[in-house]
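Open the structure in your viewer and keep the selection panel at hand. This tour tells you what to select at each stop and what is found there.

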Amino acid sequence: MFAKTFKQFSCFNKNNFSTLVVAEHNGEKLSKSMYKILNAASKFKEETHLLVTGENVSKVVENIKATVPKEVVSKIIVADSALLKHNQAQAVSQVISNLINQNKYKQVVVDSSSSGKDILPRVAAKFNTQPATDVTNIISNDTFQRPVYAGNAISTIKLTSATKFLSFRATSFDAINSEQANNISDVQKVDADSLIAKKDNLVKHIKDEIAKSERPELTSARFVVSGGRGLKSKDNFSILENLAGVLGETAIGASRAAVDAGYAPNDLQVGQTGKVVAPELYIAVGISGAIQHLAGMKDSKVIVAINQDPEAPIFQISTYGLVGDLFKIVPELTEKVKAAKQ
Amino acid sequence: MRALVGVKRVLDYTTTKIRVKPDGSGIDLSGKQIINPFCEIAIEEAIKLKEKNIIKEVVALSIGPKTFQETLRHSLAMGADKAIHISTDLSPDQKLQPLIVAKILQKIIERDNFELVLLGKQSVDDDFNQTGQLLAGLLDWPQATFASQITIKDKDVEVTREIDAGLQTIGFKLPGVITCDLRLNTPRYAKIPDIMKAKKKPLEELQLNSLGIDLNTGLEVIKTEAPQQRKGGQVLSSVDELVNKLRNEAKLF
């Protein structure tokens, strides 16, 4: 039935039936998650425009051209302005609102990241529309699924608004094949300065304190090794670093308990209110497995739990479990993985 | 300056197992209910700002059935000055969606002239993470989401936010909306004398349908299901066995 609907749509002016995706980037490249978000957005089978906002974003535009096929993104819209330097919601949402008014987008899509969640509802409010955050499954062009109650239930929702405001959870979608990119030729520049009002009273960016890490990004790493309160100190987190180093392509995560105890920084928190990960392998070390933590990692392909308490709830969802002293098991595992990989 | 703090009542998921109703209509809400943890952090922050003489009055507002007044009394016992209860039977986790809540807050803010709104970053039932941003959009006020530190001097606000890559500090002039993250503070326990005093603090009750708010949001919950269960795990006896499984069964390296 939906295939039929899509066919009908293609008879009309395509601009009236299109999707706007808001790009997330670091000033040079699209974030890795965006390749998954673009794939999710392409499931609408409608023309997709990708909006790039920020200051001096020409490198990002080049990166998109080199890595995103034009079958996925038909047009890049660029809003380059000093007012958008840090992509604060207040300024960015005004640019997005104007584009929706001009192009009558049917879908506005962002990544369910801290930035996407900051921006999307602010724009939706201007259109008197309830957004849908953390969409994990697209059932049809107006019906979606999203987890509620820390992932303990799945809600199926239907959106009836003229424009649908959606944040997609990147870990629930595969990435587009970025090797088949062939120049997107349609690049439209918009005069952001003229679209942003209240220039004197915009939110001011004061500083960023970005955690430095040589490890891959937590949400897109192939493997994740996470520590909980069982590690007992910040210094002990180094045993996870060693294991991660041996495994390769591994990010370090933490439970809320470990973050609250000061063993790990906030941005490593995996869970309902932290990051959601779904790596090929998730090793939970000294993590009991509270539902808030499970909400952030239970879609991992293989879960390994290392815990001294055989009753810990983490063992109910782990693929493989080892009961015992993590201070003995983790170094032994590190040595044996090293040996096995040689 | 006066601050409005939105508080929600949710199922206590730390002690109650979440049960999906067999007919797919929603979650069984019959268990113990508590203040949403992020709302408690928002109340605590407002009270701290009052103790520092930065704000004069803290008003807690909650929307839901009569039982939500317990959550308001809890907020009053923590130190809020007044409470507003917007009475409705709309289910708080399905029908009473963030857009409706934001519109109610907007009405009350316009009626009572608040300059600062503190909310939790998300409620742990619907997990939407939207109300603060929607409200800021409706009011055209600046917003600071995921706050882990708030400093206010006169009308100047500085907020440190928890973003994916670390921390970010932003600044703006009030009025504004701030949503609170976990590490902003540790909420206090209400003392018995304060619980007694809270019973005498003013609690205004309003009917949702008296506010003239459009309840059509463009989002309808069709059904609620239990997630797919993962297969029960195997407990292994040695590290060798684990390495063997990871290598030969899961083929990870």
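**Stop 1: where the chains meet**

Between chain B and chain A there are 53 residue pairs in polar contact, both residues at pLDDT 80 or more. A polar contact is a pair of N or O atoms within 3.5 Å; within protein, one must be able to donate a hydrogen and the other to accept it, and residues adjacent in sequence count only if both atoms are side-chain atoms. This is a predicted model: local features need pLDDT of at least 70, side-chain atom pairs count only at pLDDT 80 or more, and totals for chains, interfaces and linings use all residues. Residues are numbered from 1 along each chain as its sequence is written, chains are lettered from A and ligands numbered from 1 in the order in which they are written, and side-chain values use heavy atoms, with hydrogens and water left out.

Select the side of chain B that touches chain A. Several elements of chain B each supply at least two residues to this side, among them helix H3 (98-112), helix H4 (131-139), strand S7 (143-153) and helix H6 (239-249). Helices (H or I, at least four residues) and strands (E, at least two) are DSSP runs, numbered from the N terminus. By class, this side of chain B has 37 nonpolar, 21 polar and 23 charged residues. Here Ala, Val, Leu, Ile, Met, Phe, Trp, Tyr, Cys and Pro count as nonpolar, Asp, Glu, Lys and Arg as charged, and the others, Gly among them, as polar.

Now show both partners. In contact (heavy atoms within 4.5 Å) are 81 residues of chain B and 87 residues of chain A. The area buried between the two chains is about 7,000 Å², and carbon and sulfur atoms give 53% of it. Buried area is the accessible area (1.4 Å probe) that two parts lose on being put together, summed over both. Select Asp164(B), Arg230(B) and Leu252(B): they supply 11% of the area that chain B buries against chain A, more than any other three residues.

Which residue of chain A forms a salt bridge with Asp140(B)? Select Arg122(A): the closest N and O atoms of this pair are 3.9 Å apart. A salt bridge is a side-chain nitrogen of Lys or Arg within 4 Å of a carboxyl oxygen of Asp or Glu. The count between chain B and chain A is five.

**Stop 2: strands that cross between chains**

Select strand S11 (residues 204-210) of chain A with S9(B). Six bridges join these antiparallel strands, and Glu209(A) has Leu167(B) as its bridge partner. Two strands pair if DSSP finds at least two bridges between them.

Next, select S6(A), S7(A), S8(A) and S12(B), which form an open antiparallel sheet in that order. S6 (137-138) of chain A and S12 of chain B stand at the edges with a single partner strand each, so one side of each is left without a neighbour in the sheet. Six bridges join S8 (residues 153-159) of chain A to S12(B); Ile154(A) stands opposite Glu225(B) there.

**Stop 3**

Most residues other than glycine have a negative phi, and most peptide bonds are trans. Select Leu174(B) and Pro175(B): a cis peptide bond joins them, with omega about 10°. Pro175(B) is in the loop between S9 and strand S10 (176-180) of chain B.

Lys104(A) has a positive phi of about 50°, in the loop between helix H4 (89-103) and strand S4 (107-111) of chain A. Finish at Asp134(A), where phi is near 60°; this residue is found in strand S5 (residues 132-135) of chain A.
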